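Please find below my notes on the model you asked me to look over. They are arranged as numbered points, to be read with the structure open.

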Amino acid sequence: MSAARVHVRDCARTPMFQALQDALDPRRTLERAVAIQQVPAPTFEEEKRARVVHDYFCSLGLLDVQRDAYHNVIGRWPGIEPDRPAILLTAHLDTVFPADTDLAVREFAGRIRGAGLGDNSLGVAALISLADALTSQQVHLPADLWFAATSREEGLGNLDGIRAVWAALGQRLGAAIVVEGMALGRIYHAGIAVRRLKIVCRAPGGHSWLHFGQPSAVHGLITAGHEILQLIPPGEPRTTYNIGLISGGRSVNSLATEAELWLDLRSEDPAALRALEQQVRACVGRVQRPPDLEFEISVVGDRPAGAIAQEHALVQLAIACLETVGVAPTLERGSTDANLLLAAGLPAITIGISQGGNAHRPDEFIETAPVHSGLRQLALLTLAAATWDFAAG
Ligand SMILES: [Zn+2]
């Protein structure tokens with residue numbers, strides 16, 4: 001049996017774990033998830049929801065509770081060995097839904113439907129329930145636990161929330177567990193790096209007949225786009241590009257003065273992503289142009305990535321925890337707050353609390369029964385991680 005498995009088995013037998021397990025209440029967690037979900041929190045507009053979570057953290061008795069300028073909420077549950085690196089537990093606050101989205105929930109047939117409930121109100125609620133169990137049972141682990149509800153995980157948020165948490169706490173951390181509502185059984189141990197570029201082409205413009213042959217921003221942009229489409233990125237490590245948006249010009253009989261395209265670049269490997277971006281920039285540079293046709297490239301999205309190996313202790317602990325609670329583990333790559341932490345060199349994984357479906361759609365739903373196993377998994381992994389020496393391997 002591997003050292004990680006033995007460790008998790010031993011943790012599961014401790015009175016501390018029994019106490020936490022007894023204190024975790026799936027129904028209460030679901031109620032908290034709905035209470036959080038009812039507060040709109042589009043990316044960049046997380047303040048209201050952050051206030052709600054701040055109140056939870058304070059009322060449970062976490063220490064050093066703070067809300068920063070990004071509307072991240074953090075709080076600490078002290079360990080008994082102050083020199084030990086802390087464990088960070090995070091879940092993102094923001095949703096992909098605009099503030100005026102219908103947030104009505106409906107429970108039926110073992111499911112609760114509601115926009116943003118699984119992604120990620122349930123993740124945030126699970127953190128709150130874990131903090132509740134720790135504080136009510138007065139369970140202090142060797143390592144400090146930092147709880148963080150983060151902003152700006154979705155869309156164009158660029159992981160700026162977790163970036164700020166990392167800047168504030170990074171020095172003290174030994175490992176991180178990122179919690180998502182709907183990925184129970186999955187262990188994300190590797191990120192997909194994403195860069196998004198906006199390419200704008202500008203020209204003086206003119207009349208389609210009178211000035212034919214003079215530069216047009218649309219023609220320039222199409223030429224650059226055509227160059228980009230000739231690129232063949234590697235299949236291994238998997239690397240992709242997509243021109244997802246294109247717009248420009250003013251009227252059908254004018255030479256366009258401005259046109260733009262938005263490009264999404266992704267890779268399993270940050271070096272391959274950098275290489276692809278350089279090729280894209282070279283494509284634009286190669287476009288033959290008169291002096292009054294110009295291109296401007298700006299970075300509008302940057303989600304870094306890193307990975308820890310499948311053999312890493314944190315991954316092995318997570319596998320053993322899932323098996324202990326009777327859920328089959330699968331290893332995955334993803335794009336979550338863990339990306340930034342992994343890129344910064346911190347061992348980090350993302351785990352789930354329940355099953356669900358239709359993420360990022362108004363008819364998103366979660367299943368209620370698996371929450372019990374999801375919470376036990378989270379508590380056991382927290383216990384196992386806070387008693388493991390990651391620096392020693
Ligand atoms: Zn999410």
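The points below go from the overall form to single elements and residues.

1. Basis of the note. The model is a predicted one, in which local features need pLDDT of at least 70 and side-chain atom pairs count only at pLDDT 80 or more, whereas totals for chains, interfaces and linings use all residues. Residues are numbered from 1 along each chain as its sequence is written.

2. Overall form. The protein has eleven helices and 18 strands, these being DSSP runs numbered from the N terminus, with helices (H or I) of at least four residues and strands (E) of at least two. The C-alpha trace spans about 85 × 45 × 40 Å along its principal axes.

3. Burial and contacts. Of the 393 residues, 49% count as buried, where a residue is buried if 20 or more other C-beta atoms lie within 10 Å of its own, exposed if 12 or fewer, and partly exposed in between, with C-beta atoms placed from the backbone. Among contacts between residues at least 6 apart in sequence, 81% join residues at least 24 apart; two residues are in contact if their C-beta atoms, placed from the backbone, lie within 7 Å.

4. Domains. The domain assignment gives domain 1 as 3-191 + 306-392 and domain 2 as 193-303, with bounds that come from an automatic or database assignment. The C-alpha centres of domain 1 and domain 2 lie 39 Å apart, and seven residues of domain 1 are in contact with seven residues of domain 2. On the domain 1 side of that contact, the residues divide into two nonpolar, four polar and one charged; here Ala, Val, Leu, Ile, Met, Phe, Trp, Tyr, Cys and Pro count as nonpolar, Asp, Glu, Lys and Arg as charged, and the others, Gly among them, as polar.

5. The four-stranded sheet. An open, antiparallel sheet is formed by four strands in the order β4-β5-β18-β17, and strands pair if DSSP finds at least two bridges between them. Since β4 (106-108) and β17 (356-357) stand at the edges with a single partner strand each, one side of each is left without a neighbour in the sheet. Strand β5 (residues 111-113) pairs with β18 (residues 365-367) in the antiparallel sense over three bridges, and Arg-113 stands opposite Phe-365 in β18.

6. Strand β16. Five of the five residues of β16 (residues 348-352) are buried, so this strand is largely enclosed by the rest of the structure. Ala-348, Thr-350 and Gly-352 point one way from β16, while Ile-349 and Ile-351 point the other way. The strand pairs with β7 (residues 173-180) in the parallel sense over five bridges, with Ile-177 opposite Ile-349.

7. Helix α9. This helix (residues 313-324) has twelve residues and reaches 16 Å from its first C-alpha to its last, close to the 16 Å expected, a span given by 1.5 Å times one less than the number of residues. Eleven of the twelve residues of α9 are buried, including Gln-316, Cys-321 and Thr-324, and what covers them includes α1 (3-12), β7, β8 (186-191), β16 and α11 (371-386). After α9 comes Gly-326, with a positive phi near 85°.

8. Backbone points to check. The peptide bond from Asp-119 to Asn-120 is cis, with omega near 15°, and Asn-120 is found in helix α5 (residues 117-136). A cis bond also links Glu-236 to Pro-237, with omega near -5°, where Pro-237 lies in the loop between α7 (217-229) and β11 (239-248).

9. Arg-152 has phi near 55° and lies in the loop between β6 (145-150) and α6 (160-169); with 24 C-beta neighbours inside 10 Å, Arg-152 counts as buried. Asn-358, with phi near 60°, lies in the loop between β17 and β18 and is partly exposed, with 14 other C-beta atoms within 10 Å.

10. Pro-204. This residue is placed in the loop between β9 (193-202) and β10 (206-207). Leaving aside neighbours within four places in sequence, Pro-204 is in contact with Thr-257 and Asp-292. The C-alpha atoms of Pro-204 and Ser-216 are 7.6 Å apart in space, at a sequence separation of twelve residues.
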